[in-house]
Structures are given as structure tokens and as C-alpha cells.
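Biologist: I have a few spots I'd like to go through with you. Could you bring the model up so that we can look at it together?

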Amino acid sequence: MQSGYRAMMLAGILRALRDLPAEVDDKVAARMGFLEWLMTLPEGCSEAAAARAAECRAAPFAATSPQVALFCNHLRALQRCSDEVRLLGRPGGGGA
């Protein structure tokens, strides 16, 4: 996937997280947003590097959106993972 597409996907995820109805569980929404973002990463991509870039774009919204703050927590957790740890089951991603 092209990086422009991934940027648009991230922007859409962040917008959706910021505009969530009150009845939606923040933690679940942030986790689903993170998984949706993760699915956009191309094969061979460094997940940690992509997470750093996504966090840079998302961080300004974290102060005013608890859902985005939780999404950023997922991105930071991924950054802490070594690139040697492959995420299994991601189409086009790390293999078994």
C-alpha cells in the first residue's frame, strides 16, 4: 500500500476515535483502531518505526481525546517490541 493511503487511513482512524459517541467503550475503540492501523502496514515494514511515525501524528490529539491517548499507548507498546518479534496473522506481514 502506498504511504499516502496509510496516512489517510491513520487520519480517518484518529478522526473516528475523536468523534466516538459516549456509549462506545474507549479501550475497545482504541484497540480496534490500533488493529485497523496495523493491518495497513506493508510487508517488510518495521512495525516499530511505523508506530513511531503514527504516534508523532496522533500525539497532538491525545491531550484532548482519551481514545487517541489509548491508541497512542498501543503504538508505544509496539515500539517497545523488538523488530525481531514478528506479529503473526497480519496479511502481508510477518510470517510463521
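Biologist: Where is E36 found?
Modeller: In this predicted model, E36 is found in helix α2, which covers residues 26-39.

Biologist: And is E36 buried, exposed or partly exposed?
Modeller: E36 counts as partly exposed, because its relative accessible area is 41%, which falls between the 20% limit for buried and the 50% limit for exposed.

Biologist: What does E36 touch, leaving out residues up to four places away in sequence?
Modeller: With those left out, E36 touches M9 and I13. E36 and M9 are 27 residues apart in sequence, while their C-alpha atoms are 8.6 Å apart in space.

Biologist: Changing topic, where does T40 lie, and is T40 buried or exposed?
Modeller: T40 lies in the loop between α2 and α3, the latter being residues 47-62, and T40 is buried, with a relative accessible area of 4%.

Biologist: What does the side chain of T40 reach?
Modeller: The T40 side chain reaches the backbone oxygen of W37, at 2.6 Å.

Biologist: Now the helices: at what angle do α1 and α4 pack?
Modeller: Helix α1 (residues 3-18) and helix α4 (residues 66-80) pack at about 135 degrees, and their axes are 7 Å apart. The two helices are therefore oblique to each other, because an angle would have to be over 145 degrees to count as roughly antiparallel.

Biologist: Which residues make that contact?
Modeller: From α1 there are L10, I13, L14, L17 and R18, and from α4 there are Q67, V68 and F71. By type, the residues of this contact of α1 with α4 divide into six nonpolar, one polar and one charged.

Technical notes:
Residues are numbered from 1 along each chain as its sequence is written. This is a predicted model: local features need pLDDT of at least 70, side-chain atom pairs count only at pLDDT 80 or more; totals for chains, interfaces and linings use all residues. Side-chain values use heavy atoms; hydrogens and water are left out. Helices (H or I, at least four residues) and strands (E, at least two) are DSSP runs, numbered from the N terminus. Buried means under 20% relative accessible area, exposed over 50%, partly exposed in between (1.4 Å probe, protein chains only). Contact means heavy atoms within 4.5 Å. A polar contact is a pair of N or O atoms within 3.5 Å; within protein, one must be able to donate a hydrogen and the other to accept it, and residues adjacent in sequence count only if both atoms are side-chain atoms. Axes are lines fitted to C-alpha atoms, for helices over the stretch in contact, and angles run from 0 to 180 degrees between N-to-C directions. Angles under 35 degrees count as roughly parallel, over 145 as roughly antiparallel, 65 to 115 as roughly perpendicular and the rest as oblique. Ala, Val, Leu, Ile, Met, Phe, Trp, Tyr, Cys and Pro count as nonpolar, Asp, Glu, Lys and Arg as charged, and the others, Gly among them, as polar.
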